[in-house]
Amino acid sequence: MRALTWHGRHDVRVETVPDPEIVNPRDCILKITSTAICGSDLHLYDGYIPTLRAGDVLGHEFMGEVVEVGSKSTLKKGQRVVVPFTISCGDCFFCKKQQFSACDNSNPAETSDASETLMGHAMGAAFGYAHLTGGYAGGQAEYVRVPFSDVGPIVIPDQLEDEKVLFLSDILPTGWMAAENADIEPGDTVAVWGCGPVGLFAIQSAFIMGAHRVIAIDHYPRRLQLAKQMGADVLDYREVEVLEALKEMTGGIGPDAVIDCVGMESHGMAIDNIVDTVKAHTFLATERPHALRQAIIACRKGGRVSIPGVYGGFADKFPLGQVMEKGLTIKTGQTHMQRYLKPLLELIREDKVDTTFLISHREPLEKAAEMYRHWHDEQDTYTKIVLKPEMAKPRTEARQPELATA
Amino acid sequence: MARTPEPPVETVAVEYEEILIIPGEATEIEGSDTGSRAKRRRPSSGVERGGSSNRALIGLGLAAATAGAAFFFARKAGENQNGHYTGPRISDAPDHVLRGKAKEQSANNQDGRALVGRTVTIGKPRQELYAVWREFTRFPEFMDNVRQIEKLDDTRSRWTIEAPMGATVQVVTRIVEDVPGETIAWVSEPESQIETDGRVEFADAPPGRGTYVRLLLRYKPPAGALGRAVAKVMQREPNVQARRDLRRFKQLMETGEIPVNASPSGRKSESPTEARI
Ligand SMILES: NC(=O)c1ccc[n+]([C@@H]2O[C@H](COP(=O)([O-])OP(=O)(O)OC[C@H]3O[C@@H](n4cnc5c(N)ncnc54)[C@H](O)[C@@H]3O)[C@@H](O)[C@H]2O)c1
Ligand SMILES: [Zn+2]
Ligand SMILES: [Zn+2]
């Protein structure tokens with residue numbers, strides 16, 4: 001089959017790799033119909049996430065048709081499903097507590113050691129996201145093996161087209177949980193850093209959860225425009241002093257809750273960010289948490305800090321005293337996907353949430369490498385890219401059960 | 001009943017049994033009916049215990065252990081003063097848990113061999129986990145370097161263990177303690193190529209949380225070139241091995257399968273049905 005593989009920093013390629021096969025009873029194999037590129041993929045593309053290996057198949061936002069099932073899968077051939085990006089067993093203590101992304105079993109024993117050393121505990125697994133989180137192949141491909149297919153995938157009714165539901169695989173639940181983690185109360189002003197897909201869905205979710213006002217911060221006009229379209233007030237950080245502007249807009253109090261939808265690769269020429277960039281490139285730190293620092297300083301006393309943005313290790317100059325002295329509450333984590341799939345599918349069905357407004361490009365999988373480049377270099381124009389394996393396929397390749405000879 | 005040890009070794013009173021380990025003292029198992037081997041004196045360690053129906057089994061295990069193999073598992077898992085179970089006891093913990101004086105004095109560590117292992121929580125009842133472990137024949141499913149287990153009789157089994165450079169080593173183990181739902185301990189018989197003993201303990205985790213499972217293992221590799229190769233691997237690896245084996249056991253018990261990341265990649269040498277590490 002054809003798949004997008006990672007080969008090094010800023011080097012991804014679409015190549016022919018073997019087809020996946022059923023390995024465990026609870027597996028299924030999916031024929032991918034739509035897959036997307038995520039902001040998290042940029043962290044891989046930029047080489048910020050360790051333990052990726054040359055040849056790994058990327059992609060954790062995908063959906064498709066079930067073409068094979070293991071003996072214990074509850075799915076049926078022909079069903080259309082969206083697959084959450086985290087792999088969860090449904091049986092462990094964490095899954096039963098609905099802390100699905102903390103699943104204790106999905107990360108294989110051989111790949112658990114690294115995260116256990118780094119984080120103190122083995123992390124749950126995810127698709128197409130480094131060996132730290134299991135080393136499972138991703139779904140920017142024609143086919144994918146889905147472990148624990150009786151727990152993760154959600155079956156999609158025929159009348160809902162791919163684009164409406166694809167983002168159930170990650171960014172919609174992630175934006176939703178980001179807003180939920182902000183514990184929004186009536187009258188609240190919520191500030192959101194980053195108007196990428198996660199930020200845009202966090203804005204939409206915050207309004208659904210009753211935020212009085214959402215202030216969105218970025219520097220790309222088109223992304224800010226989309227945020228505005230969702231009802232947010234927007235700040236271009238190149239045009240205003242963000243901290244001062246937020247104070248002005250909230251009568252000196254500051255936002256009640258702040259959401260960091262930027263993560264470890266903050267942009268901008270602020271002095272702390274320049275220092276962070278140097279440190280990250282010389283391995284003195286793993287993050288560039290400029291937006292998070294700003295969010296914490298901006299947050300009102302006793303306010304809430306929600307961090308859906310991904311961080312991988314040790315941040316330099318984390319404003320711990322500010323968190324303590326102001327009595328802030330921090331909530332974060334990889335999204336507990338399976339918790340949100342059903343209720344969000346309901347909202348999509350009832351047209352209460354708009355899931356297609358952010359898609360800027362629909363392209364064949366064959367052009368994935370080129371799309372990564374655009375996604376990285378032209379974030380203003382490329383607000384969300386959907387890849388379709390079936391679109392303009394150069395040649396039809398039969399699904400081969402054996403090792404491909406490429 | 002028990003002699004007072006000198007220097008004193010930590011003793012923990014458990015309702016129905018008390019075990020003392022007195023390093024460097026000879027042992028005689030009293031009240032045991034386990035035959036001549038159980039009467040053998042051991043030079044390096046001593047055990048006394050009283051009032052338990054498992055006594056004979058322990059005695060047997062001690063005797064069965066080859067010379068120099070101290071019987072290292074001594075006490076039941078922890079209870080606090082109110083008799084509430086408080087989880088596996090730290091004084092019995094594997095070497096990597098202890099430091100300083102506690103490590104030096106660890107009864108487990110008296111003959112210089114590393115004690116490896118750890119405790120995991122598994123969301124299943126004790127009896128169920130015990131039953132699977134007691135079978136022994138399922139070990140190859142979750143123990144990476146155990147290729148085969150052949151049951152010789154109800155307490156003895158022959159293990160075929162993968163060694164470096166494609167070699168295998170044979171170990172015959174005998175169960176020396178068997179408390180249904182609680183403990184299984186085994187030692188290697190003298191004809192084994194590796195001197196080893198192991199123990200698995202099952203204890204209730206807090207209500208609704210399943211079972212604490214603690215696996216403890218010790219090895220003494222054989223002499224010669226193979227021995228040195230095995231030793232090299234084992235000195236580096238046994239803790240990792242125990243950790244991974246336990247993790248797979250937990251995965252198998254909780255999910256019914258052992259997750260594996262076998263999937264396609266652009267690496268030509270890999271098959272999509274084999275684990276990628
Ligand atoms: N928690 C989870 O489970 C989860 C899931 C998906 C994505 N994520 C993470 O969420 C983050 C956002 O994802 P995305 O797909 O929206 O990424 P993205 O790269 O498309 O968006 C990030 C946005 O942040 C903006 N930005 C950069 N620096 C900024 C600054 N200093 N101030 C304000 N805005 C700034 C960028 O201009 C960009 O528009 C990433 O870190 C991603 O890894 C987390
Ligand atoms: Zn994503
Ligand atoms: Zn789980």
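Modeller: Helices (H or I, at least four residues) and strands (E, at least two) are DSSP runs, numbered from the N terminus. The model is predicted, with local features needing pLDDT of at least 70 and side-chain atom pairs counting only at pLDDT 80 or more, while totals for chains, interfaces and linings use all residues. Residues are numbered from 1 along each chain as its sequence is written, chains are lettered from A and ligands numbered from 1 in the order in which they are written, and side-chain values use heavy atoms, with hydrogens and water left out.

Biologist: Where is A:Asp11 placed?

Modeller: A:Asp11 belongs to strand E2 (residues 11-16) of chain A.

Biologist: Which residues does A:Asp11 touch?

Modeller: Leaving aside residues up to four places away in sequence, A:Asp11 touches A:Thr5, A:Trp6 and A:Tyr45. Contact means heavy atoms within 4.5 Å.

Biologist: Now the metals. Which protein donors does the zinc ion (ligand 3) have?

Modeller: A:Cys89 (SG), A:Cys92 (SG), A:Cys95 (SG) and A:Cys103 (SG) are its protein donors, at 2.3 to 2.4 Å. Donors are N, O and S atoms within 2.8 Å of the metal (3.2 Å for Na, K and Ca); water is not among the atoms, so sites may look incomplete. Along the chain, the donors of the zinc ion (ligand 3) have the spacing C-x2-C-x2-C-x7-C.

Biologist: Is the site of the zinc ion (ligand 3) tetrahedral or irregular?

Modeller: The site is tetrahedral, with angles of 101 to 118° among the four donor atoms. Four donors count as tetrahedral if all angles lie between 85 and 135 degrees; four count as square planar and six as octahedral if opposite donors are over 155 degrees apart and all others between 65 and 115; anything else is irregular.

Biologist: Are A:Cys38 and A:Glu61 buried or exposed?

Modeller: Both A:Cys38 and A:Glu61 are buried, that is, under 20% relative accessible area, with exposed over 50% and partly exposed in between (1.4 Å probe, protein chains only).
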